[in-house]
Amino acid sequence: MDIYMQAALAEARKGLEEGGIPIGSVLVIDGEIVGRGHNRRVQQGSAILHAEMDCLENAGRLSAADYRRATLYSTLSPCDMCSGAALLYRIPRIVAGENRTFQGPESYLRSRGVELAVLDDAECMALMQDFIAAYPALWNEDIGV
């Protein structure tokens, strides 16, 4: 696991420690992490603070040129909302830790030219599987089930 996915996983663990859903994300531009975030829907009573959205918010305003050099890392395959944000800002690369516990619109992202890598990481997967088993209702709320 590279340092960027390790940073995203650290964000996921932080979210879990706060009583939230353990998904983390980082935005990387030119080898530097410029934004970090984790799912804070529970902590903030938010409808939209998925990890990727929190990460983009924490990165602040960036230029279009910055986004076009970025890679968005997430411990889990991004959902429709988070994928839409990546498409809106034309982020060309997404690296997902895993997609077995949840798979977002990966084919659509690829059809729109996004380079998507799924690492099938055991740590990311175990973190989500354990959480889903312990809190199925909260997980279903998060993914709109």
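Q: In E4, which residue is the bridge partner of leucine 72?
A: Let us take the general idea before the case. Strands of a sheet pair through backbone hydrogen bonds, either parallel or antiparallel. Two strands count as paired if DSSP finds at least two bridges between them. Here, leucine 72 has isoleucine 94 of E4 as its bridge partner. Strand E3 (residues 70-74) and strand E4 (residues 93-96) run parallel and are joined by four bridges.

Q: Before we go on, what kind of model is this, and how are residues numbered?
A: This is a predicted model, in which local features need pLDDT of at least 70 and side-chain atom pairs count only at pLDDT 80 or more, while totals for chains, interfaces and linings use all residues. Residues are numbered from 1 along each chain as its sequence is written, and side-chain values use heavy atoms, leaving out hydrogens and water.

Q: How many helices and strands does the protein chain have, and in what order do the elements run?
A: Elements are DSSP runs numbered from the N terminus: helices are H or I with at least four residues, strands are E with at least two. The protein chain has eight helices and five strands, and from the N terminus on they run α-β-β-α-α-α-β-α-β-α-β-α-α.

Q: What is the strand order of the open sheet?
A: The five strands are ordered E2-E1-E3-E4-E5, with mixed pairing. Strand E2 (32-38) and strand E5 (115-118) are the edge strands, each pairing on one side only. From one strand to the next, the twist averages 15°. For directions, axes are lines fitted to C-alpha atoms, for helices over the stretch in contact, and angles run from 0 to 180 degrees between N-to-C directions. Helix H1 (residues 3-17) packs on the sheet, touching strand E1 (24-29), E2, E3 and E4, and its direction makes about 25° with that of E2.

Q: Which residues touch the most other members of the largest nonpolar core?
A: A nonpolar core is a set of buried Ala, Val, Leu, Ile, Met, Phe, Trp, Tyr and Cys residues joined through side-chain atoms within 4.5 Å. Buried means under 20% relative accessible area, exposed over 50%, and partly exposed in between, with a 1.4 Å probe and protein chains only. In this core of 16 residues, they are Leu27, Leu56, Leu72, Ile91 and Ile94. E1, helix H3 (51-59), E3 and helix H5 (80-88) each give two or more residues to this core. Apart from it lies another core of 12 residues, among them Leu9, Val28, Tyr73 and Leu127.

Q: At what angle do the axes of H3 and H5 cross?
A: The two axes come within 8 Å and cross at roughly 35°. Contact means heavy atoms within 4.5 Å. Glu52, Met53 and Leu56 of H3 meet Met81, Cys82 and Ala85 of H5.

Q: What phi does arginine 90 have?
A: Most residues other than glycine have a negative phi, and most peptide bonds are trans. Arginine 90 has a positive phi of about 55°, although it is not a glycine. Arginine 90 sits in the loop between H5 and E4 and is exposed, with a relative accessible area of 54%. Aspartate 120 also has a positive phi of about 55°. Its place is the loop between E5 and helix H7 (122-134), and aspartate 120 is partly exposed, at 35% relative accessible area.
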